[in-house]
Amino acid sequence: ANSGASGSKLTGIQIADMTIYGQSDVLGFSEFQHLVSLNGVKDILIEKVEFRGFRGDGLYIGSGNKGGDERHNENITVRSSVFDGVNNSNRNGISIIDGNGVLIEGNTFRNISLPKEPGAIDVEPDDLFNVIKDIHILNNTFTDNDGSNGSISVYLQNLAWKVQPSGFLIDGNKIDGGTSHLDRGVFFVHVGNATASRGHNIQFTNNNVRRVSRGFELGGINTMLMSGNQFEDVSSSPLLGFNDGTRKNLNVKILNNSFVRIGTDNTSGGSGLSIFEIDYLDIIGNTFVDCGKTNGTFGYAIDFNKGTSSHVNIEGNRFENPNKKTTYAIQKEAGHT
């Protein structure tokens, strides 16, 4: 919507039943060569489209054709489509810079992203006027992807957002890193320590994450429910916070998940769940099986690593150790307060 007015929108666009081939396997990577670019749109349906071999993004949901433009996008549905990067020489499958009401449902994402680029789906607003609200990522399949963040990445700068980013539902997805274990699962970071004014309202539920390098990394978030997920054969420990004290989380509930063979490839040991910085954490009704210690000297199911925590409730969890990988069920290290 190139009208010069930030509130202008093009409406009613449908893209369906077609293949768009960007030839990344022939022409190579080109960061800003996207297959579909939408800026200032409303009521959009993309259905049964194959985005193939994109050199930049398969689908870019942006805020204008040049940096600093303010455009807003509303009510976008991407359904039953395939995002195939072919040779992992791409930026992202879908980039969301601005979106109020985005549904990504029943799609396939494979062979996406160079190691320096974020990943298959990247939510990354650039300017404080960007709106990120009600992003729903449901029942998608992710296979053999790479990227610096993860199959599903949300990265929020520490800005005075005009509209606080909130309303994230990530449910029913299957993420498989393949035999290379290149991919991470979910990366959700809001730069800086979480505050009461941040209310992200994240639901991460009923997902299956396996054979990835790290199941999840959470930093600077306030209010998250993680429930009913399965994490299996993940080489590095998932992270709550960071080891430099800059990404404290608030109000996280980890309920009724399974962590099976997590943190098993670290040379010195590993853990099923690594906790650095958090206030108000519930870990209830989860199962931890054979977490940590393959070649190392220790294995922890739950590890309170360097950092601080308060108001932590650990209740009704089950710890199993059939192959003698786990040394301690719950460990508070010397560097943790």
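Modeller: Let's start with Tyr300, which counts as buried because its relative accessibility is 10%, where buried means under 20% relative accessible area, exposed means over 50% and partly exposed lies in between, using a 1.4 Å probe and protein chains only. Phe298, at 23% relative accessible area, is partly exposed. For the terms: rings of Phe, Tyr and Trp (its six-membered ring) pair if their centres lie within 6.5 Å, and planes under 30 degrees apart are stacked, over 60 edge-to-face, the rest tilted.

Keep in mind that this is a predicted model, where local features need pLDDT of at least 70 and side-chain atom pairs count only at pLDDT 80 or more, while totals for chains, interfaces and linings use all residues. Residues are numbered from 1 along each chain as its sequence is written, and side-chain values use heavy atoms, leaving out hydrogens and water.

By the ring rule there are 11 aromatic pairs. One of them is Phe204 with Phe231, stacked at 6.3 Å centre to centre and 25 degrees between the planes. That pair links distant parts of the chain, 27 residues apart: Phe204 sits in strand 18 (residues 202-205) and Phe231 in strand 22 (residues 230-234). Strands here are DSSP runs (E, at least two residues), numbered from the N terminus. Both Phe204 and Phe231 are buried. Ring pairs also tie Phe204 and Phe231 into a cluster with Phe216, Phe259, Phe288 and Phe319.

Terms used. Helix = DSSP H or I, 4+ residues; strand = E, 2+ residues; numbered from the N terminus.
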